[in-house]
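Biologist: I have a model open and would like to learn how to read its features. Could you take me through some of them?

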Amino acid sequence: MIRIANGQGFWGDWLEAPVRLVEQGPIDYLALDYLAEITMSILQKQKEGDPNLGYARDFPPLIARIERRLRERDIKVIANAGGVNPIACAREVRRLAPSVKVAVVLGDDVFGRLDGFLAAGHVMKNMDTGEPLSAIRGRILSANAYIGAFPLAEALAAGADVVIAGRCTDTALSLAPMIHRFGWKPEEWDKLAAGTIAGHIVECGAQCTGGNCQMDWQRIPDMANIGYPIIEAEPDGRFSITKHQGTGGRVSVDVVKEQLLYELGDPKNYITPDCVADFTTIQLKDGGPDRVHVSGIRGGPRPEMLKLSIAYSYGWKAIGMLVYSSPQALAKSKAADRIVRERLDQLGLKFEEIYTEFFGVNACHGPVAVPNPDPPEVQLRIGVRGQDRKAVDRFTRELIPLVLSGPPTGTGFGDGRPPVREVVAYWPALIPRELIQTSVEVVE
Amino acid sequence: MKIPLSRIAHARSGDKGDMSNIGVIAFDPRHYPVLAREVTAERVKKFFGEMVKGQVDRYELPNLGALNFLMHEALGGGGTLSLRIDAQGKTLGAALLRLEIEASESELGS
């Protein structure tokens, strides 16, 4: 049995979680997930500004902080912290934590290969809209293929203490140690599917140990000290989900069910580069306090195509807010919204979308919100999105004047004009897997 | 009798681009047939009204006593494009639990 912990569900997750995982009990592997779909484009821009950047900057200081524990307890780390510059990330880890052996997994970054792909007839059409990639070629900011667990397992086999990848699947981070330690082969679909589903359960960190849990949330203990998840994996594909003793949160069948369904598509076809996992075969069993046994998982052959994560510059947006108090807080907010829209109209400004929400009334649930006819205060939130940056910038100047020139009690403008933000959009596409060759490089 | 879905089920929701997914799970697996009968894709689509512009797909996971709903064009463009505060649809599962369903006393007996 090996123990694989997840200490980071996204870049920005709790900084103490990975430290506590290596301090508070036994683990063999620490998986850390840093990349969301648009993170790559942000990192690409950072790299263009400075060739030594382009990776998750929280990661090297973390390794320095836990360096001694990793060595004492022989814990290996697997992270997709490399972003678009895994080598620079590895060098920084080596600089801050000289005793760890670092390996990087390369080959996911296809930003410089897109024109070659297009010339060879790969259309890379948008999986959601069907549009060909050529429609946005000039606006692309980053392009990466999702790679699977086998290249990461290869890096572990090279003796790395810390494996740094770029755009691998979140589930690969947890599956890789199982492949490495149990010698699972590429055609062992059921085992690979089991490891993939284990990875899915823990990839969002504490979401499988009681975080963001709707079931019985008020009685989930000590969430301030919530324990992050640990997979106890067996060579035959069975595994348990648990957390360190004495930590907060809860691991139960109900909690694990919620996370199994999180961001799930067709449950019979959970597609990864390693296999296709079938969530309708999962059997869960209560294994006692804070422990769930998982078994029965079946899987099918890996796909011939790999998914590309492409980010491109889409346009601009800004979201502004004003607060109105009772009496008639909602009526005042609605009046202010009408005035702003009329003034934008008079200026002749065109937007792709203008969207208004009334905080405290319907912002989250829209038309199905519980009616609240006379709230004590309402925050008016107006957003615009468009291709014309000047129009969006002009919009940001149209809210605050209402404090003096609109309905009474307008307040909450202390932060000034809202910022204009670039909208970086995501373009999911497919590419034949034989075009993606990965390699492992040990950084001394 | 009419009961809110929240009496027999919990839920978690999230995003996949401009799609929102909602997992609905029976507290008691014996109530799964009630879920499967009452919480149809059509009723979920009708419940959310103008919020969900596209189709709603339903997938069944009887092994977990659960249903998974994929609601297309439900997040105002999704991801970075969306102008909504809940651009990831994280609160939509909680909203769906207010859906009124029909269940008999004998079905709900434990």
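Predicted model: local features only at pLDDT ≥ 70, side-chain atom pairs only at ≥ 80, totals over all residues.

Biologist: How many residues of α6(A) are buried?

Modeller: Six of the eight, so the helix is mostly covered; a residue counts as buried if 20 or more other C-beta atoms lie within 10 Å of its own. The buried ones are Phe150(A), Pro151(A), Leu152(A), Ala153(A), Ala155(A) and Leu156(A).

Biologist: Which elements do those buried residues pack against?

Modeller: One is a helix, α7 of chain A. The others are the chain A strands β3 (76-79), β4 (102-106), β6 (162-164) and β18 (439-443).

Biologist: How do I describe a pair of packed helices?

Modeller: Two things describe the pair: the angle between the axes and the distance between them. Take α6 (residues 150-157) and α7 (residues 172-182) of chain A: their axes come within 8 Å and cross at roughly 55°. That angle makes α6(A) oblique to α7(A). The crossing is right-handed.

Biologist: Which residues make the contact of α6(A) with α7(A)?

Modeller: From α6(A), they are Phe150(A), Leu152(A), Ala153(A), Leu156(A) and Ala157(A). From α7(A), they are Ala172(A), Ala176(A), Pro177(A), Ile179(A) and His180(A). By class, nine are nonpolar, one is polar and none is charged.

Biologist: Now a second pair. At what angle do α1(A) and α3(A) pack?

Modeller: At about 15°, with the axes of α1 (residues 16-23) and α3 (residues 59-73) of chain A 10 Å apart. Angles under 35 degrees count as roughly parallel, so α1(A) and α3(A) are roughly parallel to each other. Their crossing is left-handed.

Biologist: Which residues of α1(A) and α3(A) touch?

Modeller: α1(A) brings Pro18(A), Val19(A), Val22(A) and Glu23(A). α3(A) brings Leu62(A), Arg65(A), Ile66(A), Arg69(A), Leu70(A) and Arg73(A). This contact has six nonpolar residues, no polar ones and four charged ones.

Biologist: On to sheets. In what order do the strands β9, β10 and β13 of chain A lie?

Modeller: The order is β9-β10-β13, in an open sheet with antiparallel pairing. β9 (270-271) and β13 (298-300) are the edges; each has a single partner strand, so one side of each has no neighbour in the sheet.

Biologist: How many bridges join β9(A) to β10(A)?

Modeller: Two, with β10 spanning residues 276-278. Tyr270(A) has Ala277(A) of β10(A) as its bridge partner. A helix also lies across this sheet: α8 (residues 189-202) of chain A covers β10 and β13, running at about 110° to β13(A).

Biologist: And chain B: how many bridges link β4(B) and β5(B)?

Modeller: Six, again in the antiparallel sense. Tyr59(B) is bridged to Asn68(B) in β5(B). The hairpin has four residues between the strands, and Gly65(B) takes a positive phi near 60°.

Methods. Residues numbered from 1 in each chain as written. Chains lettered and ligands numbered in written order. Pairing = 2+ DSSP bridges. Contact = placed C-beta atoms within 7 Å. Axes fitted to C-alpha atoms, helices over the stretch in contact; angles between N-to-C directions. Parallel < 35°, antiparallel > 145°, perpendicular 65-115°, else oblique. Left-handed = near helix turned anticlockwise from the far one by under 90°. Nonpolar A, V, L, I, M, F, W, Y, C, P; charged D, E, K, R; others polar. Buried ≥ 20, exposed ≤ 12 C-beta atoms within 10 Å, placed from the backbone.
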